[in-house]
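Biologist: I'd like to walk through this model with you. Can we start with the ground rules, then go residue by residue?

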Amino acid sequence: MPLDELKRLRGLLGNDYNNYARALDSSAIMAYLTEKKDTLYVNKKLAKFLGITFTKKYTGNPLVDSIALDDVSRYKQITSASFKDGVFYEVEYRLKCFDGKYRWIKEQGIPVIFRGDSTYKGYLVVCEDYNEKKKIEIQLQTSEERYRRLFETARDGILLLNSETGQIT
């Protein structure tokens, strides 16, 4: 979800926590709300994705326990720095979902203000199932690396020709 859309959503929902909870449960996105280091709310779509039931405030972040071990330190580094400064963040990681399989997630968080005062209190966090896009991205990188090695190690000259124009590219 682009940053401007997150800001627009934040503007529509105002400072009322209950507005966020109602809107997130009726939306098609996976999302949760935090206040400082505690998770206040996980919407139904994200809870179903994780295979959990979320009924009350959770000390910490319930997603962290489901993040692939190789991704946890980077996740914590990015989110901790953002939470400290109260700024937008974006992070990708592998998350274990309800079926026990890991899927790539793109998480974006934007600071929110609850209870009507003007101080930053927590985050509206949106999670996108990014698995298919990430697989394609990894395959493309692998292919590029393989062909780059081929060109760099070739002993013969390689000439690239545009098939439509016949020009050397």
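Modeller: Patches first: they are made of residues with over 30% relative accessible area and no salt bridge, with like charges joined within 9 Å and nonpolar side chains (Val, Leu, Ile, Met, Phe, Trp, Tyr) within 5 Å. A salt bridge is a side-chain nitrogen of Lys or Arg within 4 Å of a carboxyl oxygen of Asp or Glu. Accessible areas come from Shrake-Rupley with a 1.4 Å probe, and for residues only the protein chains shown count as cover.

Biologist: And the model itself?

Modeller: This is a predicted model: local features need pLDDT of at least 70, side-chain atom pairs count only at pLDDT 80 or more, and totals for chains, interfaces and linings use all residues. Residues are numbered from 1 along each chain as its sequence is written, and side-chain values use heavy atoms, leaving out hydrogens and water.

Biologist: Which residues make the nonpolar surface patch?

Modeller: Tyr147, Leu150, Phe151, Ile158 and Leu160, covering about 470 Å².

Biologist: Where does Phe151 lie?

Modeller: In helix α5. Helices are DSSP runs (H or I, at least four residues), numbered from the N terminus. Phe151 is partly exposed because its relative accessibility is 40%, between the limits for buried (under 20%) and exposed (over 50%).

Biologist: New topic. Is Lys134 buried or exposed?

Modeller: Buried, because its relative accessibility is 11%. Lys134 is also in α5, residues 131-153.

Biologist: What does Lys134 touch?

Modeller: Glu92 and Trp104, not counting residues up to four places away in sequence. Contact means heavy atoms within 4.5 Å.

How values were computed:
Helix = DSSP H or I, 4+ residues; strand = E, 2+ residues; numbered from the N terminus. Buried < 20%, exposed > 50% of the residue type's maximum accessible area, 1.4 Å probe, protein only.
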